[in-house]
Amino acid sequence: MTRCPSCRARDFRPTERCQALGRPNALECSHCGLIAERGALQADANGSDGASLARSSAWIAGEVRSVLAERLEDEVFALSADDPVFLESYALRTLALSKTLAAIPADAAQWNALKAPYTKLPAQAKLVPLGDIEPVPVSVIILCRPGDVSALTSLVERLAPCFADIVLLIDGEAIAPGMTQPGGPRLAARPLAGHFAAQRNAGQDLALYDWVLQLDADEELAQSALGSVGHVAAYADQAGTLSVGLLRENRVDRRLSDLFPDVQYRLNRKAVRYAGAVHERPDLPRGWRDSMIAPNLVIEHRLSRAHVEARSKAYEAMSPGHGRTFEAGDLLRPYRP
Ligand SMILES: [Zn+2]
């Protein structure tokens, strides 16, 4: 199965939406809502020899990508009825962001479709560079342990030109003498006590601004994302979206893992609360409808094979049945395009 040309997930499935749209042979990306004809995504795996299968698969998947690329070159995005792909406003927003563009709905009906997905209305939107959206300020909260503070200096220095409010939230009772540096980030301390959502919520409360990006000590914001976060937050605000998912690249012993895009909903309105002791995620009034994926924002996550194996066991102990030990397998498998 090919990866989604928009969000890069590898999870196309037949859905009721495909049926309702009169596309019985189409598949829907479970991550971003892009719908594409089955034949345009996946070559017939039966009977072909490897070489011709590879050729036809590349050609067909390339056709979907080229149709989308062509539509994205127009000033106003609109699909033709015979295109092998279907997007309404909500899915188009994700696709536009994957090219660092913003799709501005063409009229009131398109705005409504964006705010209350999914409708059957094909997307029509003006395409502008994402940079045209006036950015809003974003606070950054980094969850860490006392021993991480000095090692985080370089990350904070990279973030500082783009973010006026950076907080290190330390898992501990108090800030130790010597941790605070003049001109450095704000520091706060609170015991994690095995509950990640509670720690993230404490981080939300510490933020000065209306939008908050949360990172962990072993994560970085990709260079390409540094200058875009405030623009994406402002773009989300236009439709009343509360939570933005970033793609996370897990690098196990430096090698990119197949667990990708591993969407992490870490850019949120300050009022958003997380839920879940482990694998915490935002608790949103309308569920996924209050969220969006921004494929142009990437988190880089460094971890070791030994850590993956140990962490999986530790999570299971903290929250039996929720350790998601199966995820360790995907994490340890090298990335497949
Ligand atoms: Zn997708």
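User: At what angle do the axes of helix H4 and helix H5 cross, and within what distance do they come?

Analyst: Two packed helices are described by the angle between their axes and the distance between the axes. In this predicted model, the axes of H4 (residues 89–98) and H5 (residues 108–115) cross at roughly 80° and come within 7 Å. Angles of 65 to 115 degrees count as roughly perpendicular, so H4 and H5 are roughly perpendicular to each other.

User: Which residues make the contact of H4 and H5?

Analyst: H4 contributes Ser 89, Tyr 90 and Arg 93. From H5 come Gln 110, Ala 113 and Leu 114. By class, three residues of this contact are nonpolar, two are polar and one is charged.

User: How should I read the sheet with the order S4-S7-S6?

Analyst: Strands of a sheet pair through backbone hydrogen bonds, either parallel or antiparallel. Here the sheet is open, has three strands, and its pairing is antiparallel. Strand S4 (76–78) and strand S6 (101–105) are the edge strands, each pairing on one side only. On average, neighbouring strands of the sheet are turned by 40° against each other, direction ignored.

User: How many bridges join S4 to S7?

Analyst: S4 and S7 (residues 124–129) run antiparallel and are joined by three bridges. Val 76, for instance, has Lys 126 in S7 as its bridge partner.

User: What does Leu 332 touch, leaving out residues up to four places away in sequence?

Analyst: Leu 332 lies in helix H10 (residues 327–332). On that count, Leu 332 touches Val 252, Arg 305, Val 308 and Glu 309. The C-alpha atoms of Leu 332 and Asp 216 are separated by 20 Å, with the two residues 116 residues apart along the chain.

Technical notes:
Residues are numbered from 1 along each chain as its sequence is written. This is a predicted model: local features need pLDDT of at least 70, side-chain atom pairs count only at pLDDT 80 or more; totals for chains, interfaces and linings use all residues. Side-chain values use heavy atoms; hydrogens and water are left out. Two strands pair if DSSP finds at least two bridges between them. Helices (H or I, at least four residues) and strands (E, at least two) are DSSP runs, numbered from the N terminus. Axes are lines fitted to C-alpha atoms, for helices over the stretch in contact, and angles run from 0 to 180 degrees between N-to-C directions. Angles under 35 degrees count as roughly parallel, over 145 as roughly antiparallel, 65 to 115 as roughly perpendicular and the rest as oblique. Contact means heavy atoms within 4.5 Å. Ala, Val, Leu, Ile, Met, Phe, Trp, Tyr, Cys and Pro count as nonpolar, Asp, Glu, Lys and Arg as charged, and the others, Gly among them, as polar.
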